[in-house]
Amino acid sequence: MTGRTTTLPIGIDPDIFPAALLMLDRRRRVRAANSEAETLLHASREVLYGRSLTDVFYHDCDLFALIDRAEETNGRVTSTGLRLDGPALAVKNQTAVVDCTPDGSFSLTLITGPDTNAPTPDAPGLAAFGRILGHEVKNPLAGISGATQLLMRSARDDQTELLDMVLGESRRIERLINELSAFELFSTPRCEACNVHEILDRVIKAEELALGSNVSLRRIFDPSLPDLYADADHLHEAFQNLVRNAGEAINDSRKAGQVRVLTRFAIDRRIKKPKLGQSGRMIKVVIEDNGPGIPNENAEKIFNMFHTTKASGSGLGLTVVSQVISAHNGNIELDSMPGRTRFSIYLPIAETA
């Protein structure tokens with residue numbers, strides 16, 4: 001960063017980050033900006049420095065409501081599909097991630113959607129950024145976490161809460177780095193013949209323990225299905241995301257419920273251009289719950305990067321699911337209404353099956 005601006009707190013040069021970043025003080029004045037923010041707002045960081053956010057965006061812009069929510073929850077708030085209006089811009093389909101920092105200031109990440117003039121960071125771009133973060137941040141982060149745990153052993157009672165916060169934030173940053181790095185991993189599957197029921201069995205056994213007695217998981221498998229041509233570990237991650245989300249939706253509703261996992265032949269589906277190792281035929285995996293359902297406005301955005309309805313979520317889980325299925329030459333469909341949510345995943349059968 002140059003000029004009078006302060007440093008954006010992401011551990012590396014923020015000008016390589018593939019999205020606009022702004023840092024605001026408690027009075028919502030701009031304290032820092034990166035090059036993507038300069039491009040989006042048509043102003044240099046020196047011009048932006050010290051300006052109130054109401055000078056950059058019109059006061060009735062949805063972004064201000066998002067910042068209010070982040071301040072109220074003292075955490076992260078994400079919204080997709082925002083329209084950002086200001087003296088120098090009018091941008092549709094924007095994703096905004098707002099973090100309320102421990103000192104009461106704010107960090108804003110603004111990601112332009114595909115219907116605007118600016119490009120959206122894609123999965124490989126975020127994977128590359130995740131690699132940089134992994135290299136530049138993980139080692140010092142591990143040192144911070146280790147030192148914090150040592151200090152906690154001899155800390156006074158009035159120091160423990162602050163050290164807990166440092167340790168918690170370090171772990172949160174590490175989780176986000178791992179999720180960003182995952183996009184490169186899941187875009188390059190190592191495929192071979194594998195049994196879908198063995199993968200689903202492992203997922204269900206793990207989630208039965210994690211979700212508790214309020215959620216029952218039911219298998220409805222077709223034992224005659226042939227092998228898939230897939231990366232078993234990648235599919236495990238995708239299925240686990242979907243089963244866990246279904247179970248958490250039931251738990252959030254505070255009612256007992258059921259998650260059903262079904263497998264069958266996809267009689268009406270074939271791959272138009274099978275890849276090497278794929279037969280062209282497909283199977284169907286359905287993950288269905290009887291939870292509250294997904295509202296239409298969320299269902300349209302559910303696979304969008306950074307979209308989440310969870311207070312502590314990053315919005316990357318279902319984007320990873322979509323990435324996994326797409327990399328396998330398959331596809332995923334959502335059908336939801338109050339009392340039922342169904343994800344249908346179509347995957348290629350192995351060539352020798």
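Helices (H or I, at least four residues) and strands (E, at least two) are DSSP runs, numbered from the N terminus. With that in hand, note that this is a predicted model, in which local features need pLDDT of at least 70, side-chain atom pairs count only at pLDDT 80 or more, and totals for chains, interfaces and linings use all residues. Residues are numbered from 1 along each chain as its sequence is written, and side-chain values use heavy atoms, with hydrogens and water left out.

Let's start with helix H6 (residues 157-186), which gives the most to a nonpolar patch, with three residues. The patch covers about 330 Å² of surface and is made by Ile 144, Leu 162, Met 165 and Val 166. To build such a patch, residues need over 30% relative accessible area and no salt bridge, and nonpolar side chains (Val, Leu, Ile, Met, Phe, Trp, Tyr) are joined within 5 Å. Ile 144 sits in helix H5 (residues 123-153). Its relative accessibility is 40%, so Ile 144 counts as partly exposed; buried means under 20% relative accessible area, exposed over 50%, and partly exposed in between (1.4 Å probe, protein chains only).

Next, look at Asn 195, in the loop between strand E6 (192-194) and helix H7 (196-211). The side chain of Asn 195 reaches the backbone nitrogen of His 197 at 2.8 Å, and a polar atom of that side chain lies 3.1 Å from the backbone nitrogen of Glu 198. Pro 226 is 31 residues away along the chain, yet its C-alpha atom is separated from that of Asn 195 by 7.4 Å.

Now for the charged pairs. A salt bridge is a side-chain nitrogen of Lys or Arg within 4 Å of a carboxyl oxygen of Asp or Glu, and the count comes to 13 salt bridges. One of them joins the side chains of Glu 71 and Arg 28 (2.9 Å, N to O). Glu 71 lies in helix H4 (residues 62-73) and Arg 28 in the loop between strand E1 (20-24) and strand E2 (30-33), so this pair ties together parts 43 residues apart in sequence. Arg 28 is buried, at 17% relative accessible area, whereas Glu 71 is partly exposed at 42%.

Where does Glu 288 lie? It belongs to strand E10 (residues 278-289), and at 9% relative accessibility it counts as buried. A salt-bridge network links Glu 288 with Arg 260, Asp 335, Arg 340 and Arg 342.

Notes: A polar contact is a pair of N or O atoms within 3.5 Å; within protein, one must be able to donate a hydrogen and the other to accept it, and residues adjacent in sequence count only if both atoms are side-chain atoms. Patches are made of residues with over 30% relative accessible area and no salt bridge: like charges are joined within 9 Å, nonpolar side chains (Val, Leu, Ile, Met, Phe, Trp, Tyr) within 5 Å. Accessible areas come from the Shrake-Rupley method with a 1.4 Å probe; for residues, only the protein chains shown count as cover.
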